[in-house]
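Open the model in your viewer and follow the stops below in order, selecting each group of residues as it is named.

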Amino acid sequence: MNKLWLCYCVVLYATNVFGQDFDIFVSDAGNFDSPPWKILKYDSNGENPQVFIDENLAWPQDILFIDSNNTVLISNLNTGRINRYNAATGAYIDNFAQGIGGPTRMKIGADNLLYVLQWTGGGKVKRYQLDGTFVDDFTDVGVGQSIGLDWDSAGNLYVSSFNGKLVRKFDTSGNDMGVFIDSNLSGPTNIWFDSNGDLLVSDYSGTAIKRFDSDGNYLGDFIQGLSQSEGMATLPDGSILIGNGSTSSVKKFTSGGTFIEDTITTGSGGLLRPNAVVIHDSTASSGFQINAGLNYAWFNPAVSGQGFFITVFPDIQQIFLAWFTYDLERPAGNVQAMLGEPGHRWLTAFGAYADHQAVLDIEVTQGGVFDAAMPMPTQDLDGTITLAFTDCTAGTITYDIPSVGQQSVIPIQRIALDNVPYCQSLLAQ
């Protein structure tokens, strides 16, 4: 037993998942309201495609990463649901929100709330806390087939309507300020403000990205030669990625609108129809740094009688986690144990951490007996745990255990606060 635990403290894992460049994620609408649907992942050069998510999708729309708990949200127009997945593995976790009238675009506002557009269902902009708790219908009027949103420098919200061929403006409290643009558009999707305060509109049916000034006046085409343009991301160097549905590709332009290349070439990875393009840095951090002040016991107050021991080894940048829990169902009443009780389970995980999180393999140890070297216990891998911290007192555990089909996110906090000052002092160094 001691030998097994000691191995956790000295073995260095060869793979560091945090050292790569940003990745490009593309939502593939497939055949619109018919599959195949998928979320594809490419490297920063648009190469090495892989299917990141293909479970529980129904005409997927937008992709939104929440780095503080290592999750990614996917909006689904057909089911009215936003699903939550593990941001590192793409494994399905749970239903983040439902009962939405065809959710399309999602963005986090300055108030740290999630704003969600509706294709149907009245078209009001909905707000949610980042744990999925519904807040309100933010706007006082709806925008039909809304599919693009952004804020100006004053905090006013703008929402595009595909079938209405317009962009509507709302003040900082969600009050309707009227139609901002109602001409020169054939079917707008994504909208965003540039550094000059001009509004750029991706016109899906109009073969261009169009520019409008701060008063809504049409200034001309920013980018031409597109067809079924949907999905936009700005790269670190200021260049722009635009999904181009008619060619099943993602095109790259300079910040001034000059074409550079097809970063994701036609059909790469099986891409049919891009409708969201997102870049994400796997090293993205909440700003918190894991340190030895996190050591000792953590738990979820909603689930009593079980919890976690966490030990950080800063010299080798490794972290150890032990999870003391129970089986999925209570054992039959006639099942007996000589020490403890037969429903007890403990799982362990060990590996590298970086910044605020660690992605660890779960190990199940079994087959031994109390305080004896023989029979020798066995250890088998069974899924992953993503451990993430937001500060010295709170974190999340996102787990995926394939053998029992269990995935979820557990909020954790300290059992005792004695180590908080030490943790904070290490952050200040």
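**Second largest pocket**

Begin with strand β24, which gives the lining of the second largest pocket its largest share, 6 residues. This is a predicted model, in which local features need pLDDT of at least 70 and side-chain atom pairs count only at pLDDT 80 or more, while totals for chains, interfaces and linings use all residues. Residues are numbered from 1 along each chain as its sequence is written, and side-chain values use heavy atoms, with hydrogens and water left out.

Strands here are DSSP runs of E with at least two residues, numbered from the N terminus. A pocket is an open set of points on a 1 Å grid over the protein atoms alone, where a 1.4 Å probe fits and protein lies on both sides within 12 Å along at least five of seven lines; lining residues have an atom within 4 Å of a point.

The second largest pocket holds about 470 Å³ of space, a volume being the space filled by probe spheres set on the grid points, which are joined across faces, edges and corners. Select Asp62, Lys107, Met232, Val277 and Val278, which of its 23 lining residues are the closest to the centre. Two or more lining residues come from each of β4 (60–66), β8, β12 (146–151), β16 (188–193), β20 (229–234) and β24 (274–280).

**A hairpin and a sheet**

Next select β8 (residues 103–108) and β9 (residues 114–118), which pair in the antiparallel sense over 4 bridges; two strands pair if DSSP finds at least two bridges between them. Lys107 has Tyr115 in β9 as its bridge partner. The two strands, β8 and β9, form a hairpin with 5 residues between them, and Asn112 in the turn has a positive phi of about 65 degrees.

Then turn to the open sheet of 4 strands, antiparallel in its pairing and ordered β4-β5-β6-β7. Because β4 and β7 (92–97) stand at the edges, each with a single partner strand, one side of each is left without a neighbour in the sheet. Within this sheet, β5 (residues 71–76) and β6 (residues 81–86) pair over 6 bridges, and Ser75 stands opposite Ile82 in β6.

**Largest pocket**

Finish at the largest pocket, where about 1500 Å³ of space lies. Select His344, Arg345, Trp346, Leu347 and Thr365, the closest to its centre of the 40 residues that line it. Strands that each supply at least two residues of this lining include β28 (344–352) and β29 (357–366).
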